[in-house]
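Please look at the sequence and the 3D structure below, and keep both in view while reading.

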Amino acid sequence: MPLDQSFIGREYPPTAAYEVGREKIREFAAAIKDDSPLYRDVDAAKAAGYPDVIAPPTFAVILSMAAHDAIVEDPQLGLDYSRVVHGQQEFTHHRPIRAGDRLVTVVHVDDIKARAGNDFLTVRAEIGTVDGEPVCTAKSMLVARGTVDEGEGA
């Protein structure tokens, strides 16, 4: 069944605060095979002008994907996650994510389009500090495959 267009513009409540730790940053950097000292060495990060180690830019996916759970688990939307593939991802950083940040994420449904029997769900995650400082905007496109009923001639 196609996704409900009335969800366009919907905003979900902020996530619980996520405290960014040095070790999580190191683990993420190792997983993506990025050996920048800015992600591992406090002295190198401070020499570059940061108060602590910073996270690789794609670290924001940890927060944005966790925030997507609100959409995925919303029974009113009716998204069958077993049919979803991740179609696109982009990050706009307002400043680097850094160790010690306490971040919350508010997720928005920006668009829903049906094409070729699939629904394209555009989701925006606004990541900021618990004090309201914007840190990153993460936009994702989720593709729900085969959402048009057989009788609709997809």
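Begin at the hairpin formed by strands E3 and E4, which has two residues between the strands, and find Ala116 in the turn, where phi is positive at about 50°. The names used here come from DSSP runs, numbered from the N terminus, in which a helix (H or I) has at least four residues and a strand (E) at least two. The model is a predicted one, in which local features need pLDDT of at least 70 and side-chain atom pairs count only at pLDDT 80 or more, while totals for chains, interfaces and linings use all residues. Residues are numbered from 1 along each chain as its sequence is written, and side-chain values use heavy atoms, with hydrogens and water left out.

E3 (residues 102-115) and E4 run antiparallel and are joined by twelve bridges; two strands are said to pair if DSSP finds at least two bridges between them.

How many of the twelve residues of strand E4 are buried? Nine are, so E4 (residues 118-129) is largely enclosed by the rest of the structure, where buried means under 20% relative accessible area, exposed over 50% and partly exposed in between, with a 1.4 Å probe and protein chains only.

Among the buried residues of H3 are Leu63, Ala67 and Ile71. An α-helix has 3.6 residues a turn, so residues three or four places apart point the same way. The buried residues of H3 pack against strands E1 (18-19), E2 (84-93), E3, E4 and E5.

Finally, Val20 lies in the loop between E1 and helix H1 (22-31), and it counts as buried because its relative accessibility is 2%. Leaving aside neighbours within four places in sequence, Val20 is in contact (heavy atoms within 4.5 Å) with residues including Ile25, Phe59, Arg98 and Leu103.
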